Amino acid sequence: MTPAVSPYSNTETLDFPGAITLRILLTGDQTGGTMEVFEDIVQPGVGPGRHIHHNQDETFFFLEGTFDVEIDGEMHRMISGDVAFVPRGTVHAFKNVGDTPGRLHYVFSPALQAEAMFRAFHAALSKDALTPDEMARIAKAHCQEFVGPPL
């Protein structure tokens, strides 16, 4: 493994209009598979459906805004500076409950190429094919499972 540097101005950005702008800050290839690091800029009222990462832990770092986060059925209000750890196999979801876009970073460990899942979501969106069934299919191919509606 070698050191990795990822200038923010050069990061790959995947825009899901009206919902989330996702930046890939570090890929699994850059970290030798140990982790992946992402940023989401989340519009008010937006968040993913409840889901499980079967083979990855996830850690959230809340940078701006106010979020509700559900982890294993327990609700938490998160603000700037707060951190949440979600062990693999745990149902979770988040939602920006503020009036302005919120921003968070999150880390998947181990990497397992999660960025490929986000790229596949974005590719389907660009073809107007990002249906709930297609999202579920893509997620399953990357060891993630949607198990409920958004918060």
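Which residue forms a salt bridge with Arg50, and how far apart are the closest N and O atoms? In this predicted model, the partner of Arg50 is Glu70, with the closest N and O atoms 3.0 Å apart.

The side chains of Asp57 and Arg88 meet at 3.2 Å, N to O. This pair links distant parts of the chain, with Asp57 in strand β5 and Arg88 in the loop between β8 (83-86) and β9 (92-96), 31 residues apart. Asp57 counts as buried at 18% relative accessibility, whereas Arg88, at 40%, counts as partly exposed. A salt bridge is also formed by the side chains of Glu64 and Arg103, again with an N to O distance of 3.2 Å. Glu64 lies in strand β5 and Arg103 in strand β10, so parts that are 39 residues apart in sequence are tied together by this pair. Glu64 is partly exposed at 37% relative accessibility, and Arg103 is partly exposed with a relative accessible area of 22%. Both residues belong to a network of salt bridges in which Arg23, Glu39, Glu64 and Arg103 are linked.

Helix α1 comprises 13 residues (114-126). At 1.5 Å a residue the helix should span 18 Å, and its end C-alpha atoms are 19 Å apart, which agrees with that expectation. The buried residues of α1 are Ala114, Glu115, Met117, Phe118, Phe121 and Ala124. These buried residues pack against the strands β1 (12-16), β2 (20-26), β3 (36-42), β10 (102-109) and β11 (144-150), and against helix α2 (132-141). Just after α1, Asp128 adopts a positive phi of about 55°.

The largest pocket contains about 580 Å³ of space. Its lining consists of 25 residues, of which Ile20, Pro48, Gly49, Met135 and Phe146 are the closest to the centre. At least two lining residues are supplied by each of β2, β4 (49-53), β5 (57-64), β10, α1, α2 and β11. By residue class, the lining of this pocket divides into 18 nonpolar, 5 polar and 2 charged residues.

Notes. Residues numbered from 1 in each chain as written. Predicted model: local features only at pLDDT ≥ 70, side-chain atom pairs only at ≥ 80, totals over all residues. Heavy atoms only, no water. Helix = DSSP H or I, 4+ residues; strand = E, 2+ residues; numbered from the N terminus. Expected span 1.5 Å × (residues − 1). Buried < 20%, exposed > 50% of the residue type's maximum accessible area, 1.4 Å probe, protein only. Contact = heavy atoms within 4.5 Å. 1 Å grid on protein atoms, 1.4 Å probe; cavity = no way out; pocket = protein on both sides within 12 Å on 5 of 7 lines; lining within 4 Å. Points joined across faces, edges and corners; volume = space filled by probe spheres on them. Nonpolar A, V, L, I, M, F, W, Y, C, P; charged D, E, K, R; others polar. Salt bridge = Lys/Arg side-chain N within 4 Å of Asp/Glu carboxyl O.
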